[in-house]
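This report goes from the chain as a whole to one helix and then to one residue. The sequence and structure are shown first.

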Amino acid sequence: MKKTGSLRACFRRAFFSPAFFLAAAGVAAVLLGEVLLLKRKANNAFSAYGFAFGGGGVDMIIYMILPVLPFALSYAADVYSGAVPFWSVRCGIRRYVRGVWVTASLTGFCTVFFGILLFDAVLFTTMTVPELMEDQNLFGNFLKFGTPVPYLLVDSFYKGLSGAMTACIAVWFSSMVPDRLATIASPVVLDFLYIRVITIPGFFYDRFRLIKGINIEGGGELNWLWTILAKLATALVLCTVLGLLAEYNAKRRQKNE
């Protein structure tokens, strides 16, 4: 198989599977459900948008559970079904796992990104959109263009990076414990432990939440850009390191079998 053959096969398995579309729809459904629960407080589309992301339970579902479902479980599922030797013969174990973690990262990102955009499409076509003006939110200066589209696209991209990191964390964990239920729970448990660590004095708790968000202060009008670049760099480094560790774990597992 060619070098890119494993990646193409993973793409076909991931992006054409019902799980991907259902996970993205699930993100939109969870956010819409949160808006419906708070509809008495939300008198316009922007206030509803802010309310939708206000609950800790919502964050857990859309950032740490749904991004795992499209493809991050594939390695654990292949180990369970005995399909790993097939992929190992066709393209090599490292190349196979590389295709898995790269694809899982992309599907995790797309699940959150497109799920939020679907939610936005419903929200901003069914509720009143107030007169737009700049505000103090992280991406609030995008509202000066007179349309919510740039703001929503940038905010969705920023939030989508959380899905990419979550999916790659799950793939790395599954390379050590190839159990599907444990893999689903792993981002939630690890994020909980991470929060416990960074609340220790000396850590920047409010500015460096790996999964939910990273906020860079002091950038002036370009604060939004530095923040996005910081989160993008964090996502790229984290996914690459964990992906390489997953390849190593899978290779070691293959030798021990």
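Two residues are in contact when heavy atoms lie within 4.5 Å. The model described here is predicted.

## The chain as a whole

The chain holds ten helices and two strands. In sequence order, the pattern is α-α-α-α-α-α-α-α-α-β-β-α.

Of the 257 residues in the chain, 48% are buried. Among contacts with a separation of 6 or more, 74% are between residues 24 or more positions apart.

## Helix α6

Helix α6 covers residues 84-91, and its buried residues are Val84, Trp87, Ser88 and Cys91. Viewed down the axis of α6, these buried residues fall within an arc of 105°, so they line one face of the helix.

The cover over the buried residues of α6 includes α1 (5-15), α5 (74-81), α7 (93-126) and α10 (223-256). Just after α6 comes Gly92, which has a positive phi of about 90°.

## Glu247 in helix α10

Glu247 is located in helix α10. Residues under 20% relative accessible area count as buried. Glu247 has 1% relative accessibility, so Glu247 counts as buried.

Beyond its neighbours within four places in sequence, Glu247 is in contact with Arg94, Val97, Arg98 and Trp101. With Trp101 there is a polar contact between the two side chains, at 2.9 Å.

Note on methods: Residues numbered from 1 in each chain as written. Predicted model: local features only at pLDDT ≥ 70, side-chain atom pairs only at ≥ 80, totals over all residues. Heavy atoms only, no water. Helix = DSSP H or I, 4+ residues; strand = E, 2+ residues; numbered from the N terminus. Buried < 20%, exposed > 50% of the residue type's maximum accessible area, 1.4 Å probe, protein only. Arc of directions from axis to C-beta. Polar contact = N/O pair within 3.5 Å; in protein donor to acceptor, adjacent residues only side chain to side chain.
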